Amino acid sequence: MAATGSEKQGAGENAKAFYVSTPIYYVNDAPHLGHAYTTVAGDVLTRWHRQRGEKVWYLTGTDEHGQKIMRTAEANDVTPQEWCDKLVTEAWKPLWEHLNIANDDFIRTTEKRHTDRVQEFVQDLYDKGEIYKGGYEGPYCVGCEEYKLPGDLIEAEDGTKLCPIHKKPVELLKEENYFFKLSEYGDKLLALYEANPGFIQPESARNEVVNFVKQGLQDLSISRSTFDWGVPVPWDDKHVIYVWVDALLNYATAVGYGANEEKFASTFPANVHLVGKDILRFHAVIWPAMLLAQGLPVPGRVAANGWLMVGGEKMSKSNLTGIKPQDLTYHFGVDAYRWYFLRAIAFGSDGSFSWEDFSARYTSELANDYGNLASRVAAMVGKYFNGALPEATASGDAEKAIHDGLTKAVTDADRAIGEDLDFQSGILSIFSFVKQVNGYITEQEPWKVAKDDSPEGKARLATILYTAAESLRAVAVLLNPVMPETSQKLWDSLGAEASLGALSAQPVQNAATWGQLPVGATVTKGAVLFPRLEEKPAA
Ligand code: MSP
């Protein structure tokens, strides 16, 4: 049985990193919400594992070769390299910075650290007899950069054969190619899926792949000879390496394959490859087969997210439905943006979204439930205790219910986000705790208790406010991977940094340990976490 990337992680120097990747995106155009969806999910997963105290490696990058990029560059009268450089520096990297993506590396497939190693990898497979020369004729979709099986195509009204994803006509190609003996890996792949039921997520995606492989695999054309924007096949420079083989190898070349043994051994294989469901087969069939052929370990998990839909179709630039993340962040803010898509759509399922839905959730869940709680508690500690966190000396059943609620939220969120990649459930667990704390304040009515000047009244008031502030301390820790900027604001307003240290150093799994905020902490009414939204600007 091949080794996998699913072993438990540690934090030690030599421990294997928990390695998360996004797809590397085509730079034929600027990024849209769909690309940001996968990248934000990866970032939340990464930050969650970092806050478990694990060593983590988060990789993203760009896929720059192939016909699609070449044609775009031609249409814009520049060389493909010039086009890629422009898009990467002006659109892709700035967006990830804007969205607060904490990737450790950004790989571009035109970099020498990648292309040299791709040639070595393919040469090795050739030397091992895994690659042979043949001919191929079939329908090709440039949008997917993929030969399609005739059965996969859909028909336009006039009978033209269309790609089912791009809804554009396919091109009939006939080429002399090099082929990888993918057909020999069917049984090994089925054994891998069988031995490792979590290898493909979600279940529906797993079933689709298993059925596909059971039908029998064809050998894979791994070179193209009718254009030259790619990595040359080392033994035959009339061919360039098929863009998908080139692209998949980024997951190995970026972490030192063939160049830095130590880095490679402590990082590879990925624990989680996050991919859109459209590119699942490449990652769950072709990629592990390439690794098996080379005797390398296969990834721990390939997790497919669903599509963001517009008007019932996959949102995409080619459908002219690509919306820029900045069109939403300028209005809702970056943190709310990071939260919204993971909160509103079950990861793995397709989901529609709307400005109205985003506004409604922002107002009710972020501004009213969460933001108001934070500002009310800080205001009351200010008003009744001069901003010095009081001691809880009169805890009873109501407080016990809060402690229990927090313990449950931490356990549920850690399993959902950290293990199951069920971001929606994880976020909901944290927010149901926020609701519980709101309910606690409503029931305990601290503003009424404040009127009771007796020692018992004072002790109750102190207990209620300590309990609420300590609950918020935990919420800041738990939401930090999702909304790092607002969590930091809350952390600052609770005066937590002085005694507990940096927010990102707070282990999520210890968030329910009660009593971490010290008595006397300086609580201030900081900036409003989620300001009221202005009315939607006229289109
Ligand atoms: N370059 C290949 C991937 C190579 S990985 C070795 C590619 N690039 S892409 O630019 O088309 O982007 C692919 C990824 O973007 C999808 O797999 C998905 O993760 C994300 N999405 C693009 N459109 C999307 C939606 N409408 N909805 C959700 N995610 C989408 O394929």
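Student: How many cavities of 30 Å³ or more does a search of the whole structure find?
Tutor: The search gives 2. A cavity here is a set of points on a 1 Å grid over the protein atoms alone where a 1.4 Å probe fits but cannot get out, and lining residues have an atom within 4 Å of a point. This is a predicted model, where local features need pLDDT of at least 70, side-chain atom pairs count only at pLDDT 80 or more, and totals for chains, interfaces and linings use all residues. Residues are numbered from 1 along each chain as its sequence is written, and side-chain values use heavy atoms, with hydrogens and water left out.

Student: What volume does the largest cavity have?
Tutor: About 40 Å³, where a volume is the space filled by probe spheres set on the grid points, joined across faces, edges and corners.

Student: And which residues line the largest cavity?
Tutor: Leu125, Ile131, Phe180, Leu220, Ile222, Val245 and Met290. That lining divides into 7 nonpolar, no polar and no charged residues. Nonpolar means Ala, Val, Leu, Ile, Met, Phe, Trp, Tyr, Cys and Pro; Asp, Glu, Lys and Arg are charged, and the others, Gly among them, are polar.

Student: What about the second largest cavity, which element gives the most to its lining?
Tutor: H12, with 4 residues. Helix H12 (334–344) and H1 each supply at least two residues of that lining; helices (H or I, at least four residues) and strands (E, at least two) are DSSP runs, numbered from the N terminus. The second largest cavity has a volume of about 30 Å³, and its lining splits into 6 nonpolar, no polar and 1 charged. Arg338 is one of the lining residues, and so are Tyr37 and Phe341.

Student: OK, ligand now. Which residues come nearest?
Tutor: Of the 26 residues around the ligand, Ile24, Thr38, Asp63, Leu308 and Met315. To be near, a residue needs a heavy atom within 4 Å.

Student: What does Asp63 do there, at what distance?
Tutor: One of its polar side-chain atoms lies 2.7 Å from a ligand nitrogen, a polar contact (N or O atoms within 3.5 Å). Met315 has a polar backbone atom 2.8 Å from a nitrogen atom of the ligand. A backbone N or O atom of Gly276 lies 2.9 Å from a ligand oxygen.

Student: Which element gives the largest share of the shell?
Tutor: H1, with 4 residues.

Key:
Polar contact = N/O pair within 3.5 Å; in protein donor to acceptor, adjacent residues only side chain to side chain. 1 Å grid on protein atoms, 1.4 Å probe; cavity = no way out; pocket = protein on both sides within 12 Å on 5 of 7 lines; lining within 4 Å.
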